[in-house]
Amino acid sequence: MTETTTKRMEDIVGLCRRRGFIFQSSEIYGGINGFWDYGPYGSELKRNLKNAWWEDIVHGDVVGPTGDPVRIVGVDCTIIMNPKTWVASGHVGGFNDPMVDCRESKSRYRADHILCLGTTDQADAGRLFAFLEGDEDGLARARKMLEKYVKRTLEDEELATRAFMELSAEERTTTVGPDVKDPGTLTEPRMFNLMFETYCGAIRDEDSKAYLRPETAQGIFTNFHNVVDSSRVKVPFGIAQIGKAFRNEVTPRNFIFRSREFEQMEIEFFIHPSEAESWYAWWRDQRYAWWKSIGLAGDNLILREHDQDELAHYAKEGAGTSDIEYRFPFTAPGFGELEGVAHRSDYDLRQHAEHCGKGEKMRYFDQARNERYFPHVIEPSAGADRGALALLCEAYTPDESRASKVYMNFDPRVAPVKAGIFPLVAKDGMPEIAEKLHREIRRRHVVEMDAKQSIGKRYARMDECGTPYCITIDGDTSSDQAVTIRERNTQSQERVSLNKVAAFLDDKIHGDG
RNA sequence: GCGGGUGUAGCUCAGUUGGUAGAGCGUCAGCUUCCCAAGCUGAAUGUCGGGAGUUCGAGCCUCCUCACCCGCUCCA
């Protein structure tokens, strides 16, 4: 891909900073790893992305695989929820894995997956040989090393296997790691809490411990019955939410691609279990087409079906999981996930029904089918920041022939600024006409008025932040009541009547063209 | 968390053996300018990533630390 190889991530990051798209969080204090702020243009871009999603999903007018209009309602839930939520969802268990590093081999292991081989004979105690649970070769190797250490062949009965987690600190220092020869290279087990913890209320104790949500989905699941009871929705229907989520990632990396605080755009679409296949396929294709529609139309966007062995715990038995992936400069020639579409079965609703104590009574009653069941869920879960980053990467277009050397080829719908309004020169009544036009349009579209410096500089600045149109008032405007509109990509101009400028922008931004 | 690299103005970079921090571009102001970073004049802008140490004196040497990039690892 010559197109992607000419895009260097550091240039994109530089432009984002220079033109006020994205800054490092709390930069004046040296920044903080994994947190990023959106500046004036970046916040417009991200807002446009989220608004496009909300408008198309919640206010959308589409027909589903059944032939009926698709019904989706929105919610806006809190970041901090009752901590039992995360026990039910499996995050308290799954997000708290003790890890062990080997200083010698540089490997990292799940501490609860390490077993240690020693002898039953206390006289031989003093050295243990670690191997990974279920690793037959590792076990054989450990036994060989143990026999070499005690200088004799051992019978099966003489062997003792103990969990690494149960060893004393002293015993751990005499344990030989799975991939090394000498003891003492394994670190103490360390908890990697991927959920951020906090405390609710003034007293900091275990009872007041709470979590910052690691996904917005659980707010939807816990409100399922509230929405059903209050909104006259019937399965199949969806609940959508846009909101912040937090994960204490081990390694935040790649600009805003993996950060510790990020924003999700999630839909939980509730269906009868028998319709999982068709809804799953429909949503997968629908979401793929949507990303294309907002400007990721090239072959940098792919749809990838997961293999069975990479499915999440809640999706094992389902109709499948797909990723919509984008070829970012830092993943090329590979791809990075923008959105996952997963069949989560009825896992979450069942978990919550069980944990909240209401059990089978929580089942949904389907009037049409005269049947009680836990609806299955198709979950299209997108990253808003990853989406914004993909839009930035896709838009970034080096062009040595123009003054700015680069322009941002945003779709008009997501462009932070829709048009620049320029008096060609700052005299002869042109600024006054420009100011009048600016006031007329600014309530409908984000436009920038600029009368300073040469027209070339003003065009160049707009190219660099991806403004699709520049409207220029020239010496003829006062007599013919028309302006030139310059199109960003082609740099071509057309003359448009002053009173048709607003309609021109309406059409370009909201129209099909 | 490990290994490697980087860090001087908004950006790109210079900065001598350790001796008063610079340039270009951009930004801003004024003039000029009738269509693509033009020209002229002027101005603002530095915790030299941060802290400690060595030294009469540190952007430069030493140690610690932070952030970013690359490679591992991780990514329910």
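Phe 237 and Phe 270 are both buried, where buried means under 20% relative accessible area, exposed over 50%, and partly exposed in between, with a 1.4 Å probe and protein chains only. This is a predicted model, in which local features need pLDDT of at least 70, side-chain atom pairs count only at pLDDT 80 or more, and totals for chains, interfaces and linings use all residues. Residues are numbered from 1 along each chain as its sequence is written, chains are lettered from A and ligands numbered from 1 in the order in which they are written, and side-chain values use heavy atoms, with hydrogens and water left out.

Back to the two phenylalanines. The structure holds 23 aromatic pairs; rings of Phe, Tyr and Trp (its six-membered ring) pair if their centres lie within 6.5 Å, and planes under 30 degrees apart count as stacked, over 60 as edge-to-face, the rest as tilted. One of these pairs is Phe 237 with Phe 270, tilted, at 5.5 Å centre to centre and 35° between the planes. Phe 237 lies in strand E13, residues 237-246, and Phe 270 in strand E14, residues 261-271, so the pair ties together parts that are 33 residues apart in sequence. Helices here (H or I, at least four residues) and strands (E, at least two) are DSSP runs numbered from the N terminus.

Strand E14 also supplies Phe 269 to a pair with Trp 279 in helix H10, residues 276-293, across 10 residues of sequence. Phe 269 is buried at a relative accessible area of 0%, and Trp 279 is buried at 1%.

Ring pairs also build a cluster from Phe 221, Phe 224, Phe 237, Phe 270, Tyr 364 and Tyr 373.

Next, charges over rings. The charged end of Arg 386 sits over the ring of Phe 257, 3.8 Å from its centre; the criterion is NZ of Lys or CZ of Arg within 6 Å of the ring centre and within 35 degrees of the ring normal. Arg 402 has its charged end over the ring of Tyr 407, 3.9 Å from the centre.

Now the backbone. Most residues other than glycine have a negative phi, and most peptide bonds are trans. Which bonds are cis here? One joins Val 235 and Pro 236, with omega about 5°, and Pro 236 is in the loop between helix H9 (224-231) and E13. Another runs from Ala 332 to Pro 333, with omega near 5°; Pro 333 is in the loop between strand E16 (321-326) and strand E17 (336-345).

Asn 254 is not a glycine, yet has a positive phi of about 65°. Asn 254 is in the loop between E13 and E14 and is partly exposed, at 31% relative accessible area. Asn 370 has a positive phi near 55° and lies in the loop between strand E18 (364-366) and strand E19 (371-373). Is Asn 370 buried or exposed? At 61% relative accessibility, Asn 370 counts as exposed.

Last, the whole chain. Chain A has 16 helices and 27 strands, and its C-alpha atoms fill a box of roughly 105 × 60 × 50 Å along the principal axes. Of its 513 residues, 49% are buried. Among contacts (heavy atoms within 4.5 Å) between residues at least 6 apart in sequence, 64% join residues at least 24 apart.
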